[in-house]
Amino acid sequence: MKYAILITTLVALPTASLAQSGRAGADVEALVKLGPRVAGTPVMAKASDYLEAEYRKAGYTTQIQTFTYSRFEDLGSSLTAGKSKITGLPLSGSVAGKVDAPLVVVPNVGRPEDFARVDVKGAIAVVQRGEIRFSEKVQNASTAGAVAVAIVNDRSGKLAASLGGGVSKIPVLALSREQGSALLQSSQTQQPATLHVNTRQRQVTGRNVVAHLPGIARPQILLGAHYDSVPGAPGANDNASGTAVVLEIARRISKTPLANQTWFVAFDGEEDGLHGSKAFVQTAQSQFISSLKAMLNFDMVGVNSSLRVSGTPQLTARAKAAQSGLSTSESYSGSDHASFAAAKVPVLFFHRGREPNYHTPNDKQVDSNLLDETVSVGLEIVEQLL
């Protein structure tokens with residue numbers, strides 16, 4: 001999810017203390033063993049129990065903040081062309097519906113000029129993923145007269161995606177590259193097809209895990225990470241990795257003055273639209289939000305070598321002061337820090353970018369050394385800020 005133009009910093013990583021290494025990796029393993037951590041499922045109660053127990057071992061008091069929201073769920077959606085029936089995933093925000101119409105392959109990724117090359121009026125448009133937002137592809141298809149859209153992934157695996165908070169006027173289905181590539185290569189344009197988006201909205205209850213030392217009501221810094229994952233994905237990197245890093249930082253500062261100025265939150269419902277962080281910000285007192293010097297968010301930090309820190313300019317300057325040799329560039333970023341940025345809280349977002357197992361059943365492993373490096377960088381920046 002994309003929120004705003006922020007500053008990206010490539011961090012020169014220090015070496016973690018060998019005496020304290022490995023604990024974050026063990027936390028990731030424990031969370032992954034529970035299975036996919038989908039908001040509103042019994043697994044999340046087990047995951048929150050684990051996190052509460054670990055924070056309490058470190059000397060913190062914990063609370064579970066519950067919140068409810070409506071979740072978009074697939075009940076079995078597909079595209080049938082000829083004798084072939086392909087199972088797909090509707091994009092979150094797609095209207096439900098069953099459409100019988102000719103299938104038309106659109107060249108490239110679905111820009112207006114791509115649709116100008118074919119006639120999709122009254123047809124199901126097939127476009128490739130990439131380069132422009134899903135919402136733009138769908139809007140361009142609708143403007144050209146298409147009655148439904150199938151988006152083919154540009155990499156292996158299923159595509160679980162969103163229209164970015166918008167709602168489409170026509171059904172939108174995502175297909176894996178393996179399933180959709182034959183359609184893209186087909187010369188049988190205008191072949192009869194049926195696209196069925198079968199979805200519902202269901203009320204779910206999320207569980208934020210909040211930890212801090214007893215009596216600390218007005219922290220200066222909040223460290224957060226989401227601990228939910230998408231359906232079918234064990235979520236090692238996305239985002240047990242960030243959850244474990246925040247927990248390990250909490251352990252290391254628990255007996256220092258830094259802990260007297262810090263709260264830690266494991267957010268639920270991020271994958272459905274930042275619901276946990278939004279609920280936290282919306283229910284917090286204005287004095288609490290205004291007293292925060294920074295919100296540090298950790299998301300997908302256990303795979304890929306380069307750690308990136310995106311944030312508001314004043315905090316990236318502080319991060320640069322804390323770490324020598326930093327370079328900066330502009331980047332779009334979006335995760336739970338966006339909820340705090342919207343409330344005028346300065347933010348830093350720690351991440352290592354997407355990797356091949358993102359949002360797939362193969363998101364099972366991380367590199368413990370990368371977790372330890374992220375912990376060390378996070379600790380140094382927290383010390384600098386406080």
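Trainee: Which residues are linked in a network of salt bridges?
Mentor: Keep in mind that this is a predicted model. In it, salt bridges tie together Arg23, Asp27, Glu54, Lys57, Glu248, Arg251 and Arg252.

Trainee: And how many salt bridges does a search of the whole structure find?
Mentor: The search gives 15. One of the pairs is Glu73 with Arg202, whose side chains meet at 2.9 Å, N to O. That pair links distant parts of the chain, with Glu73 in strand S2 and Arg202 in strand S10, 129 residues apart.

Trainee: Is Glu73 buried or exposed?
Mentor: Glu73 counts as buried, at 13% relative accessibility.

Trainee: What does Arg111 form a salt bridge with?
Mentor: With Glu131, and the closest N and O atoms are 2.9 Å apart. Arg111 is partly exposed at 28%, while Glu131 is exposed at 67%.

Trainee: Switching topic: where does His359 lie?
Mentor: His359 is in the loop between strand S16 and helix H11. It counts as buried because its relative accessibility is 15%, and the cut-off for buried is under 20%.

Trainee: What does His359 touch, leaving out residues up to four places away in sequence?
Mentor: Ala160, Val230, Ala233, Asp238 and Glu271. There is also a polar contact of 3.5 Å between the side chains of His359 and Tyr358.

Trainee: Last one: which residues of helix H9 are buried?
Mentor: Leu315, Thr316, Ala319 and Ala322. They sit on the same side of H9, because they cover an arc of only 115 degrees around the axis. The face turned away from that buried side carries the exposed residues Pro313 and Ala321.

Methods
Residues numbered from 1 in each chain as written. Predicted model: local features only at pLDDT ≥ 70, side-chain atom pairs only at ≥ 80, totals over all residues. Heavy atoms only, no water. Buried < 20%, exposed > 50% of the residue type's maximum accessible area, 1.4 Å probe, protein only. Helix = DSSP H or I, 4+ residues; strand = E, 2+ residues; numbered from the N terminus. Arc of directions from axis to C-beta. Polar contact = N/O pair within 3.5 Å; in protein donor to acceptor, adjacent residues only side chain to side chain. Contact = heavy atoms within 4.5 Å. Salt bridge = Lys/Arg side-chain N within 4 Å of Asp/Glu carboxyl O.
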